[in-house]
Amino acid sequence: MNATINKHQLNQIISYIMREYESFGVQKKDNKTFLKPLDNPNKLLTWTEKSKNSFKEILWPDQGVIPQLMRDINKRNGDPGSQATVRVDNSPKKLAFLGLVNCDAKALDIFLKEFSHTDLLLKRSQILVVTVECKPDNNCFCTAFGDLKFKFSDIHIQEEGRNFEIFGLTRAGQKIIEENGVDKFDKKIKIREIVLEKVSPLDLKTISQEIDRRENHHEYWQKIAKQCFGCGACTVVCPLCYCFNQDFKNDLEADCHECHSWDSCFSASFSQIQKNYDFRPENSDRLHNWYHHKFSRSVAKNGYPLCTGCGRCISSCPANLNHHNIIRGLEKQ
Amino acid sequence: MRQISLRQPADRNDKEIMNLESAKNFQTKSYPIVSKVTLTDDTVLFRLRGRLDFKPGQFVEILLPHFGNVTLAPCSGLTNKKEFELCVRAQGSTSDALVQLLPGDNIALRGPYGHGWPTLTMSRGPLDKIHRDGLIIISGGMGIVPLRPTLLNLENKIHSSKLSLFAGFRRSVDVLFEPDLKRWKRKFKVHVAAESAEPGFWGNRGLITELLETGSVNKNSYVLMCGPEKMYQYCIKILLKKGIDSKRIFLSLERRMECGIGLCQHCSCGKHLVCQDGPVFRFDEIKKELNIENSIDTNK
């Protein structure tokens with residue numbers, strides 16, 4: 001269901017989405033691009049670089065309350081027989097992410113798959129995803145994972161002159177377009193492919209095996225680890241890094257609730273057990289584990305890496321490590 | 001002593017509860033403490049009322065409000081369906097507080113999670129393999145805790161020549177479950193060793209590996225091990241030298257476990273997640289991650 005629409009029609013569709021869903025859109029703020037609550041359809045960018053932050057902040061926020069375990073445990077009355085009060089779950093039931101670039105939509109799809117055996121997150125059916133055409137930067141490498149199909153969103157938008165080309169990619173997306181004043185469709189218009197020069201597909205199977213054979217590449221990993229600060233910036237910005245601690249958040253009224261707080265596999269205590277015994281004592285152990293999880297364990301177990309080539313890790317690394325080149329280097333080792 | 005208590009969760013029919021129905025694997029249940037026994041100066045054994053359908057070797061995540069989580073293995077036998085036991089050692093901020101709970105308090109937990117000890121079943125019956133080939137159980141320190149349900153389960157069902165236990169402890173005052181150990185000593189081969197012992201200690205003084213080295217072992221035996229990984233390295237070396245098949249050795253790995261459902265990633269070990277693929281692993285499948293030296297790899 002493809003159509004050419006004007007600005008007015010686009011705003012009508014976005015306004016509808018804003019009424020029906022708790023909506024977050026990619027917008028400019030202080031000349032930087034962010035994914036944040038959308039209060040005005042005109043603010044949505046329809047041809048953009050990826051946002052500085054990803055959906056992770058919204059869907060799986062740091063210090064987020066675990067909804068299933070929301071209990072206020074009242075310490076004023078320590079009687080074990082009395083009832084606990086249960087906080088009503090006010091988290092959104094329907095979310096819309098608008099203005100995502102395709103690699104982020106793919107990352108969202110993978111993120112939800114990782115959590116699919118639990119009820120800790122909304123399901124894909126409760127989330128509306130609207131992608132737009134992207135402006136890649138020098139650190140993008142999405143095409144390293146093969147042809148990037150546009151199959152992770154409900155609606156895709158690209159600019160065409162003063163107008164917009166809109167694509168309904170799922171039933172939900174098609175329904176929204178149809179119900180908001182769009183009745184002329186054109187099968188001939190196509191989604192523009194993403195082209196990144198010098199980024200050819202990776203041999204993921206070889207890379208997965210070589211990362212697993214750490215003993216064969218000892219010097220390679222040592223060299224990288226020497227450069228790496230172990231700061232964990234890559235894990236913060238990566239949309240597919242979701243390691244977490246489970247904490248109790250205490251408050252001044254002597255109540256507490258359980259929450260998840262972001263952790264990083266680079267943190268010193270990540271693999272520590274009692275008496276500070278550490279299974280990954282060196283930075284090189286933790287760094288290797290990061291690559292191993294994303295490009296070896298996930299590939300072997302799920303068939304896909306926990307990476308979509310958005311390049312945020314490269315942009316944020318203070319040690320100028322280029323993670324794309326690092327894994328590509330293993331193909332040749 | 002400060003009393004810490006956790007109140008009962010609200011009635012499941014309460015209309016205010018929106019998501020609890022669907023969060024099966026993250027659901028918390030509270031169990032009241034019925035009794036508390038002090039085993040050593042830092043270890044207690046709680047008996048809790050309630051039914052917990054666990055397999056020996058599985059673990060549960062205890063939630064202690066205001067403090068945090070503790071990973072424990074239920075350690076009671078399987079015959080009493082109305083109660084179960086948890087053994088807690090105080091070795092961190094949460095477990096320090098947990099050991100102070102008293103009968104009447106509640107303990108909230110999630111689980112059980114993970115794969116427990118293999119049931120060693122055959123088509124003819126659940127204990128046939130052990131009856132034929134024998135079972136060796138090796139524990140170090142707190143490692144006896146996840147093995148206790150298996151020992152309690154087998155003590156009256158198996159011929160004395162087919163079961164041996166090697167239980168090592170750091171000091172004689174650290175010996176856990178003394179009444180059980182002394183009772184088992186009358187039923188099958190039990191070797192208890194402490195590295196340092198008070199005078200009059202009824203067990204052996206020394207390392208458990210020394211007893212394993214000198215003990216006679218049927219090379220077709222199955223082996224269940226739980227303890228520090230350092231102990232595994234030495235014991236496996238001895239077992240392989242005695243001709244035991246690496247596919248017959250099962251060990252329980254310890255890692256930092258928090259969520260228990262394969263999400264938080266703290267327990268990752270090579271290509272495995274200990275909370276989902278373990279904590280019990282067959283030795284040949286986990287050999288690489290244990291960094292057992294190549295010199296003892298007998299290609300089994």
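Chain B is divided into domain 1 (20–113) and domain 2 (128–296), with bounds that come from an automatic or database domain assignment. This is a predicted model, in which local features need pLDDT of at least 70, side-chain atom pairs count only at pLDDT 80 or more, and totals for chains, interfaces and linings use all residues. Residues are numbered from 1 along each chain as its sequence is written, while chains are lettered from A and ligands numbered from 1 in the order in which they are written.

Me: How do you know that domain 1 of chain B is in contact with domain 2 of chain B?
Reply: Two residues are in contact if their C-beta atoms, placed from the backbone, lie within 7 Å. By that criterion, 22 residues of domain 1 of chain B are in contact with 19 residues of domain 2 of chain B. On the domain 1 side, β3 (59–64), β4 (68–72), β5 (83–89) and β6 (106–113) of chain B each give two or more residues. The most come from β6(B), with 3 residues. Strands (E, at least two residues) and helices (H or I, at least four) are DSSP runs, numbered from the N terminus. The centres of the two domains, taken over C-alpha atoms, are 22 Å apart.

Me: Why is α5(A) called roughly perpendicular to α10(A)?
Reply: The axes of α5 (residues 204–212) and α10 (residues 323–332) of chain A come within 9 Å and cross at roughly 90°. Axes are lines fitted to C-alpha atoms, for helices over the stretch in contact, and angles run from 0 to 180 degrees between N-to-C directions. Angles under 35 degrees count as roughly parallel, over 145 as roughly antiparallel, 65 to 115 as roughly perpendicular and the rest as oblique. The two helices are therefore roughly perpendicular to each other. In α5(A), T206(A), I207(A), E210(A) and I211(A) meet I327(A), L330(A) and E331(A) of α10(A).

Me: What makes α6(A) roughly perpendicular to α8(A)?
Reply: Helix α6 (residues 218–227) and helix α8 (residues 283–302) of chain A pack at about 105°, with axes 9 Å apart. This angle makes α6(A) roughly perpendicular to α8(A). Here W221(A), Q222(A), I224(A) and A225(A) of α6(A) meet N283(A), S284(A), L287(A) and H288(A) of α8(A).

Me: How confident is the predictor in chain A?
Reply: The pLDDT, the predictor's confidence in each residue from 0 to 100, averages 89 over chain A, and 92% of the residues score at least 70. Over residues 70–86 of chain A, however, the pLDDT is below 50. Where pLDDT is low, the predicted coordinates should not be read in detail.
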